[in-house]
Amino acid sequence: MKVSEQRIDFTTGPIVAPLLKFAGPVLLALFLQAMYGAVDLLVVGKFASPADVSAVSTGSQIMMTITNLISSLCMGITILLGQKIGEKKTEEGGRIAGSGLLLFLSVGVVLTLLIPPLSPKLAGIMHAPQEAFDLTAQYIRICGAGSIIIIAYNLIGGIFRGMGDSNTPLVTVLIACISNIAGDLLLVAGFHLGTRGAAIATVAAQLISVVISCALISRKTLPFEFHRRSIRWDGRIVRKILFLGTLIALQDLLVGISFLVVLAIVNSIGLTESAGVGVAEKVCAFIMLVPSAFMQSMSAFVAQNRGAGRTDRAFRGFKSAVAISFAFGALMFYLAFFHGDLLSGIFANDAAVIAASADYLKAYGIDCLLTCFLFCFIGFYNGMGQTAFVMAQGILGAFAVRVPVSYMMSRWEPVSLFHIGLATPCSTVLQITLCFIYLAFLLRRINTQKG
């Protein structure tokens, strides 16, 4: 492939305009990704039983944790590519992409072989309600068998975001979303396959997306040379990808586990509460879209500017991202805190499930005012290569606050999902505090190096 400069250069010119130009497709991609996950629950909630709703919500939470782990590992490629492009060392891009392809292919094979036989144990760990236990294991088994497809799906996005191209990942998600909607309507609403139909539609949609996306990508020009000989195992590059990606992935994995622990606590309360939190989590996937988009955009923006030696510009981009994200956070707070029942009613018919979901969403509404800071901080530190700190603050927030607070609230009579949900904003407060402390340390170190 010949070299092309059809990408966003974050290192020169205005800050806000190119940042928004990049974040826009990222936001749309995340919206479609949220739709992708929400359609399963939406269709199951309308055409199946509460047991199916609980199974899909619990099973999809496990698969989301695994998917987030893979996506975080792919951040190693995003950051490394962004740094090399910022340094104008684009000749290394092909070797990075090729080594990353082999690395994630190996991971995909391992997960595809491991997850299906472990599905009953995973459902048991999650304390899946007895009425939904077999269905939960079935969902995990089917989706787990498609792990290699999930990895390919996320790898495409990671490579192109590192290049400053957020449009190609948008296309891949759009294809998957359309395919998933069609599959759910056919298998769940049409053939009444319930949980099994939702799982099959999920895997099939990602397979269709990967096949079509590969065909589209083969016609694109890249900002680096990429040939068949680029696909080889380069131990030096693999170690760099793993160093950057593993710390992010470990943090996301442990944070994901903490949310699974919270869900397990709720599952032990009852089927209605389990289904209610499952619905609330799908709603949260939408109300957290803007800070999530800026988190990913910050990583690419800061990585390029760090590679170009423009740390001052990286800081200015961070401030702009926080300001824009906060405006949307205030709107999401209003909707989640005061109109959670309307949002939950989109995904469920059962009045008790809607009430439980709305109660839980009030706590997430509070968190919306905080995550505009936290998510931009995480993207900033990832782009700066400070992934060890990102891991540390995430783990502390999860296991020093979120898990113990949610457990204590589950023992506080009368049990309230709002009180349990407050564990999330409490952990975010700690994480933001740590981020500000580390920012002061980082600024002092940068000033010392300049002096």
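**Helix packing and a nonpolar pocket**

The lining of the second largest pocket consists of 17 nonpolar residues, with no polar and no charged ones; here Ala, Val, Leu, Ile, Met, Phe, Trp, Tyr, Cys and Pro count as nonpolar, Asp, Glu, Lys and Arg as charged, and the others, Gly among them, as polar. The structure is a predicted model, in which local features need pLDDT of at least 70 and side-chain atom pairs count only at pLDDT 80 or more, while totals for chains, interfaces and linings use all residues. Residues are numbered from 1 along each chain as its sequence is written, and side-chain values use heavy atoms, with hydrogens and water left out.

The largest share of this lining, 6 residues, comes from α1 (helices are DSSP runs of H or I with at least four residues, numbered from the N terminus).

The axes of α3 (residues 93-125) and α4 (residues 133-145) come within 8 Å and cross at roughly 165°; axes are lines fitted to C-alpha atoms, for helices over the stretch in contact, and angles run from 0 to 180 degrees between N-to-C directions. The crossing makes α3 roughly antiparallel to α4 (angles over 145 degrees). Contact, meaning heavy atoms within 4.5 Å, involves residues including Leu 111 and Ile 115 of α3 and Phe 133 and Ile 140 of α4. The residues of this contact divide into 10 nonpolar, 5 polar and 1 charged.

The axes of α6 (residues 167-190) and α7 (residues 194-217) come within 7 Å and cross at roughly 150°. By class, the contact of α6 with α7 has 13 nonpolar, 10 polar and 1 charged residues.

Conventions: Helix = DSSP H or I, 4+ residues; strand = E, 2+ residues; numbered from the N terminus. Parallel < 35°, antiparallel > 145°, perpendicular 65-115°, else oblique.
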